[in-house]
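Please read it beside the model.

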Amino acid sequence: MKKKLLAILMAVTMVFSMFAYAPLSFAEETTDSYGEYAYSVLQYIDQNLVERRSGTDQEKKMADYLKEQLESFGYEVEVQPFTYTRRDVTYNSQNVIVTKKGESSKEVIVGSHYDSVGTHGVDDNGSGTVVNLETAKRFVNKKTPYTIKFVFFGAEEVGLKGSKAYSDAMTDEEVANTLYMVNMDSILAGTYRYIYSGKYNKETGEVENTWPIKQAMQLSDALGTGMRLNDTELNYDYPSPSTGSWSDHASFWSKMPYLYFEAANWELPDDPDHPEWGSSGAYETETGEVMHVPGRDDLSFIENTWGTRGKDTISAYCTLLDSILCQVSPDGLITPSKDALKEAIEKANDMDKTSFSDTAYAAFQAALKEAKAVNKTEYVLLKDQSVIDEATAKLNEAMNNSGSSISNATIEVENQVYTGKSRRPEVVVKDGDKVLAEGTDYTVSYSNNKEIGTANVTVKGMNDYVGSAKATFSILPQDVTGLAATKKAATSLEISWDKVENADGYKVYKYSTSSKKYVLIATIHDNDTTTYKNSSLISATNYYYKVAAYKEVDGKNYIGAQCDRIKATTNPLQPRVTLSTTTKKVKLTYDSKVSKRTDGYEIYMATSKNGTYKLIKDTDKTYYTKSSLTSKKVYYFKVRAYRTVDGQKVYSLYSLPKYIKVK
């Protein structure tokens with residue numbers, strides 16, 4: 001609240017088209033969406049908590065809302081009630097307080113008043129309130145150098161009653177323990193963003209206790225938040241960077257240093273007809289006052305008139321306050337530490353560099369140059385600690401990397417297939433997770449790399465790598481081709497394949513249904529033998545085979561890759577047929593054992609011993625009755641079983657022919 005009644009009246013009645021507006025260009029980018037939560041709360045206030053006059057139910061509703069929000073963040077909330085008398089009437093109000101513990105018990109007070117006059121009160125002072133609230137939310141679990149008191153004052157508009165009640169209740173010990181106070185009032189609509197600090201001493205002619213603002217302006221410059229001092233030619237009454245006593249900071253300035261945030265305009269005179277009278281910042285904006293003016297101190301007017309300027313200003317103050325509370329200190333601005341960097345530079349300057357390889361030395365020199373440049377740079381923001389830490393880490397790494405032994409690397413080489421020519425497979429060399437480059441980090445040579453057996457690889461380091469290392473790979477027989485099932489019987493299968501040159505023999509593998517793997521069933525010690533008969537099999541059953549060539553060298557078997565599998569099916573068992581006859585009928589039956597591994601049976605009949613057998617029935621039954629035969633005539637029958645595999649029938653041998661004379 002500003003006690004500038006003349007200026008406020010003039011702001012409402014005068015025409016402001018005569019004033020030129022040249023807005024300051026502020027950085028648009030904010031950090032971690034600073035101000036987003038604050039502005040959303042401001043929108044809620046604009047719609048639900050307007051006209052928060054001191055001592056009213058609406059002011060109490062606002063206090064309850066703040067308490068609810070702070071508790072939702074995880075704070076324990078203290079409500080400090082107080083009374084005041086105005087025109088012989090006693091009113092009740094309250095301050096809402098939370099404490100954020102810091103690394104030190106020394107305290108900082110962050111305050112803003114939440115009451116208003118008969119307006120929506122988003123500028124005066126919903127704006128300061130929401131920046132205070134967002135910062136409390138951000139800091140609930142944040143590491144801070146000092147303990148922070150977030151205080152929301154009531155009854156500011158009737159004479160700073162809430163801040164006075166809080167200040168008056170402080171003991172001498174509490175005052176001595178408090179480093180500084182931050183006050184935020186009307187920071188939404190103003191043309192420019194200001195920070196004030198200090199109290200003018202008329203005896204000395206100096207503004208005292210200004211160390212907080214000097215540090216705060218350093219932070220603002222580094223963050224690009226565009227803060228200003230009220231050091232304009234029109235400011236006659238308040239030696240910069242101090243200001244007037246119209247807001248809650250005035251309740252504390254005789255007890256401790258303070259910072260005061262306010263968006264205003266010290267570029268315009270209070271009376272355009274008398275610029276010689278100077279400015280008190282009363283013309284908050286280039287088009288007049290907003291605070292205390294119904295129809296202007298609301299978001300619709302502010303957004304329609306200045307677009308996102310107010311939202312950007314809220315974001316700027318949120319951004320700056322975050323850094324202030326983490327870095328401003330009576331001992332000087334808390335900035336990133338360069339101790340580790342300086343120690344690394346001293347070590348680098350003193351170390352013996354004769355053992356460095358050329359490449360390692362070049363990397364070391366580059367890291368040292370970068371470290372010295374970082375050391376000379378003045379870093380203000382704590383977030384820049386990462387730049388310093390990175391330069392320190394790079395220098396330490398360069399000092400420790402004078403040249404690595406290639407013997408510590410891992411070497412990967414894939415086995416090869418015999419071709420009759422020298423094999424030179426790709427070599428992969430890794431130093432930890434780093435894949436080294438041939439021709440840059442190492443050279444490679446091969447020996448004994450033509451015939452089947454063990455071949456040798458020698459890797460020699462270069463540039464950053466020294467020494468040598470060895471590895472081996474196997475040259476294996478060629479893959480078997482032409483695998484096929486050539487002979488099939490009910491209890492055996494014979495497979496064959498093409499001969500593999502320069503092999504000693506072959507390994508035969510069959511799939512095991514129990515282990516779910518291909519297991520070795522035979523080793524053929526003759527390169528010219530390219531067949532294998534697998535006996536004692538089950539009839540009408542699928543079997544799967546693979547074959548690999550092998551060669552023995554110096555007592556070790558080198559086995560080639562297993563070829564693609566083949567599937568072969570044993571024939572069904574030969575059926576045994578039994579005949580019986582009734583009038584004009586013959587009944588055939590076959591072994592039930594055969595039927596369990598077959599899909600069906602083909603039944604053939606001939607009318608004479610040497611006659612032609614014709615198919616008379618294809619059935620999956622183990623019996624069949626042939627009807628409509630001629631009595632006293634002899635008929636001949638035979639049966640074969642089959643199993644369908646991949647759409648084709650695999651047949652058993654025909655049963656022995658049987659004949660019978662029909663009744």
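Gly505 stands opposite Tyr550 in strand 25. This is a predicted model: local features need pLDDT of at least 70, side-chain atom pairs count only at pLDDT 80 or more, and totals for chains, interfaces and linings use all residues. Residues are numbered from 1 along each chain as its sequence is written, and side-chain values use heavy atoms, with hydrogens and water left out.

Strands (E, at least two residues) and helices (H or I, at least four) are DSSP runs, numbered from the N terminus. Two strands pair if DSSP finds at least two bridges between them.

| Partner of strand 25 | Sense | Bridges |
|---|---|---|
| Strand 22 (residues 505-512) | antiparallel | six |
| Strand 26 (residues 556-559) | antiparallel | four |
| Strand 27 (residues 566-569) | antiparallel | four |

Lys551 has Tyr558 of strand 26 as its bridge partner. Asn542 is bridged to Thr569 in strand 27. Strands 25 and 26 form a hairpin with two residues between them. In that turn, Asp554 has a positive phi of about 50°.

Now helix 3. Its buried residues (under 20% relative accessible area, 1.4 Å probe, protein chains only) include Met62, Leu66, Leu70 and Phe73. Gly74 follows helix 3 and has a positive phi, near 115°.

Confidence comes last. pLDDT is the predictor's confidence in each residue, from 0 to 100. The protein's mean is 92, and 94% of its residues reach 70 or more.

Key:
Buried means under 20% relative accessible area, exposed over 50%, partly exposed in between (1.4 Å probe, protein chains only).
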